[in-house]
Amino acid sequence: MAAVSIAFAAPDNCKGPRPSHERPVDLVHLANQTMGDKSLEIEVLQMFARQARACLQEMSSGDAKIIEAAAHRLKGAAGAIGAFRVHAAAEALEGNCGDAASMAAVGIAVIEAENFILKLCR
């Protein structure tokens with residue numbers, strides 16, 4: 001009897017794909033944003049990687065207004081593609097531009113997301 005109830009039980013994923021905040025980029029979120037178009041996903045990810053690198057470059061200026069603006073742009077771009085760790089780190093930096101730990105957290109999150117994107121684009 002137990003085998004029958006197991007065979008006809010609803011699977012754990014019956015609600016469909018769920019977002020993953022454990023990956024550097026949430027692929028479910030990204031797929032929703034791109035309507036499942038894989039080539040568009042790759043294009044968007046590559047654009048994000050370039051923009052993130054440019055934002056990091058701007059943040060290295062030391063100018064609080066430039067850092068705040070770059071963190072804001074990065075936060076928006078990261079949220080759009082599902083790079084939620086980058087989003088959170090950029091948001092923290094945007095609120096405290098002079099904090100070296102926040103700056104380092106943004107750098108780490110961006111590098112992690114870039115590496116993830118590079119692996120996907122192979």
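**View 1. Contacts of Cys 55 in the predicted model.** In this predicted model, Cys 55 touches Ala 70, Arg 73 and Leu 74, when residues up to four places away in sequence are not counted. Cys 55 itself is found in helix α3, which spans residues 38–59, whereas helix α4 comprises residues 64–81. The relative accessible area of Cys 55 is 1%, and Cys 55 is therefore classed as buried, a term that applies under 20%. A further pair that can be followed in this view is Cys 55 and Ile 67, which are separated by 12 residues in sequence and by 8.3 Å in space, taken from C-alpha to C-alpha.

**View 2. Packing of helix α2 against helix α4.** Helix α2, made up of residues 27–34, packs with helix α4, made up of residues 64–81, at an angle of about 90°, and the two axes lie 7 Å apart. Because angles of 65 to 115 degrees count as roughly perpendicular, α2 and α4 are described as roughly perpendicular to each other. On the α2 side the meeting residues are His 29, Leu 30 and Gln 33, and on the α4 side they are Gly 79, Ala 80 and Ile 81.

View 3. Helix α6 runs over residues 100–120, a stretch of 21 residues, and reaches 30 Å from its first C-alpha to its last, which is close to the 30 Å expected at 1.5 Å a residue. The buried residues of α6 are Ser 102, Val 106, Gly 107, Ala 109, Val 110, Ala 113, Glu 114, Phe 116 and Ile 117. The cover over these buried residues of α6 includes helices α2 and α4, together with α3 (38–59) and α5 (84–95).

**View 4. The protein chain as the setting for the close-ups.** The secondary structure of the protein chain comes to 6 helices and 0 strands, and the pattern read along the sequence is α-α-α-α-α-α. Of the 122 residues in the protein chain, 33% count as buried. Among contacts between residues at least 6 apart in sequence, 58% join residues that are at least 24 apart. The protein chain exposes about 7600 Å², and carbon and sulfur atoms supply 59% of that area.

Definitions and conventions: Residues are numbered from 1 along each chain as its sequence is written. This is a predicted model: local features need pLDDT of at least 70, side-chain atom pairs count only at pLDDT 80 or more; totals for chains, interfaces and linings use all residues. Side-chain values use heavy atoms; hydrogens and water are left out. Axes are lines fitted to C-alpha atoms, for helices over the stretch in contact, and angles run from 0 to 180 degrees between N-to-C directions. Helices (H or I, at least four residues) and strands (E, at least two) are DSSP runs, numbered from the N terminus. Angles under 35 degrees count as roughly parallel, over 145 as roughly antiparallel, 65 to 115 as roughly perpendicular and the rest as oblique. Contact means heavy atoms within 4.5 Å. The expected span of a helix is 1.5 Å times one less than its number of residues. Buried means under 20% relative accessible area, exposed over 50%, partly exposed in between (1.4 Å probe, protein chains only). Accessible areas come from the Shrake-Rupley method with a 1.4 Å probe; for residues, only the protein chains shown count as cover.
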